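Colleague: Please take a close look at one helix pair for me. I want the geometry, the contacts and the residue classes.

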Amino acid sequence: MKFLTQNETEMVHIVNGPVNVPDIIDKLTNELSTEEPFYVMDIGDIVRKHQAWIEKMPRVVPHYAVKCNDTEVVCATLAALGASFDCASKGEIAKILALGVSPDRIIFANPMKPSSHLRYANVNNVKTMTFDSDIELHKIRKFCPDAKLVLRIRCEAEKAQCPLGKKFGCDPVVEAPRLIKTAQSMNLDVVGISFHVGSGCSDFPVYYKAISYARELFDYAKQLGYEFNLLDIGGGFPGDKGTSIDEVAMIVNTALDNFFPDKSVRIISEPGRYYVSSAFTLITNVQSKRACLNPATGVIDRMMYYLNDGVYASFNCILYDHQLPKPILKGQYNGRTYKSTIWGPSCDALDQIIETINLPELQVDDWVLFENMGAYTIPVASPFNGFPLPKAFCYISKDTWEMIDQLTTLADESLCNTSTSDLVMNYENVVCA
C-alpha cells in the first residue's frame with residue numbers, strides 16, 4: 001500500500017515536534033514568490049479527525065468521499081489509517097485501487113452510473129453500489145449482475161450547505177418498497193439501505209429520522225426473503241475548525257442502539273469535508289488594488305483588491321459548495337478601515353470572492369490567508385485565463401509519520417503478495433524539515 005508519494009503539486013515535509021501551521025506560513029511567505037497562491041496542509045489534522053471518529057462513532061466505518069478532495073496525500077493517508085472509500089466514478093475507483101486499497105473497501109456511491117463505469121467496477125471487483133431507480137437496476141443487471149446493492153432513500157435536512165434530495169434518493173415510504181420488489185423480481189442482491197441528509201448538514205436530528213426509515217425498510221425486505229446487512233448513513237458531517245461531531249455522534253449512536261441493536265448489521269458512512277476542511281489553509285497574495293472615489297465627494301469610499309486565486313480555482317467552493325470564505329490578514333494593520341471588495345485574478349466579473357467586507361488598507365504583495373479550504377476546492381479548480389493552480393505543501397510530524405508508516409508496513413505484510421520494500425514510500429521523495 002502506497003503512502004504519501006510525492007508529485008509536483010504535493011510536497012510532503014516531515015518535521016520534528018508538532019506541526020505549527022502559523023510558523024510554517026511565516027517561513028514560506030518569507031521564502032516564496034508572491035506570484036502564486038499555495039496551500040499548507042497539516043496531515044496530522046486528518047489523523048486526529050480519524051481518531052475522533054473512531055472514538056465517537058465506533059460502529060460507523062468511514063468511507064471517505066473522494067470527490068471532496070482527491071489529492072493523493074489525503075487518500076493515501078486515509079488508506080493507511082484503515083478508512084474505506086466512497087467513489088463516484090471509474091476515475092475515482094482507479095485512483096483508490098492504485099493506492100493498494102482492496103475493492104471491498106470501496107462503495108460505488110453514485111446512484112446514476114455510466115455503463116462503462118459499471119463495467120469497470122465489475123472487472124475490478126467493486127461490487128457494493130447504490131441505486132435509486134428502475135433504470136439503474138436494469139443497467140446493473142446487464143453490466144454487474146452480482147453487485148451488492150444498496151438502495152438510496154431520500155431524507156433531507158432542512159438546513160444543509162448543499163442539498164442533494166432534488167437529484168438523488170427515492171421516497172422511503174412509496175418508492176423504496178416498490179424498488180426492493182423490482183430488484184427481487186430481477187434476481188438482484190439488495191443488501192441494505194443508504195441515505196444522505198445533505199452536505200454540510202446543520203440539522204442533526206434528521207439522521208435519527210433517516211435511520212428509523214431504514215429500519216422499516218430492513219423489516220419490509222425481510223418479509224420478501226432478503227436479509228439486509230448494510231446501512232450507509234451518508235455524509236453531511238462538519239469539518240471546519242471549531243466544529244465537532246459530538247452532537248451528531250450522540251444522535252447517530254442513539255438511533256443505532258434503538259433501531260439496529262444487532263451488531264451483525266454493518267454501519268458505514270461517507271464523510272468528506274469532515275476529514276479535510278480544516279487540514280488545508282490557503283495563502284493568497286494581493287496582486288493589484290484600486291481605490292474607488294465617491295463621485296460626489298471625491299473621497300475614497302471603497303477599496304478593491306485583486307488576489308492571485310479566485311472562483312475559477314480554489315474559491316470555486318463559493319459557487320459549488322456555498323462556502324463563505326473569511327480572510328485573515330497576515331501582519332499588523334492600523335488606521336482607517338474601508339468597505340472592500342475582494343476579487344480573483346481572472347478577467348471575468350463573476351470572479352468575486354467577497355462582495356463587501358470592512359478591512360484596513362492593504363498593499364500590493366500583502367498576504368491574505370483563508371482557513372478551512374480543504375473541502376470541494378482542489379478537485380474543481382481550473383487554470384482559467386492561464387493562472388496557475390496552487391501547490392500544496394504538506395506537513396507531518398515525525399511521530400505521526402512513523403506511526404502511519406508502521407501501519408502501512410503491517411498492512412502490506414498482511415497482503416503477502418509483494419515485499420514491503422516495494423510498497424512503502426521511498427524517503428527520498430520526502431523533504432525533511
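Modeller: Contact here means heavy atoms within 4.5 Å. Helices (H or I, at least four residues) are DSSP runs, numbered from the N terminus. This is a predicted model: local features need pLDDT of at least 70, side-chain atom pairs count only at pLDDT 80 or more, and totals for chains, interfaces and linings use all residues. Residues are numbered from 1 along each chain as its sequence is written, and side-chain values use heavy atoms, with hydrogens and water left out.

Now the pair. On the α2 side, Ile43, Ile46, Val47 and His50 make the contact. They meet Val73, Val74, Thr77, Leu78 and Leu81 of α3. By class, seven of these residues are nonpolar, two are polar and none is charged. Ala, Val, Leu, Ile, Met, Phe, Trp, Tyr, Cys and Pro count as nonpolar, Asp, Glu, Lys and Arg as charged, and the others, Gly among them, as polar.

Next, the geometry. Helix α2 spans residues 43–56 and helix α3 residues 72–81. Their axes lie 10 Å apart, at an angle of about 40°. Therefore α2 is oblique to α3 (under 35 degrees is roughly parallel, over 145 roughly antiparallel, 65 to 115 roughly perpendicular, the rest oblique). Axes are lines fitted to C-alpha atoms, for helices over the stretch in contact, and angles run from 0 to 180 degrees between N-to-C directions. The crossing of α2 past α3 is right-handed: the near helix is turned clockwise from the far one by less than a right angle.

Last, a cysteine. Cys75 is buried, at 0% relative accessible area (buried is under 20%, with a 1.4 Å probe, protein chains only).

Note on methods: Buried means under 20% relative accessible area, exposed over 50%, partly exposed in between (1.4 Å probe, protein chains only). Helices (H or I, at least four residues) and strands (E, at least two) are DSSP runs, numbered from the N terminus.
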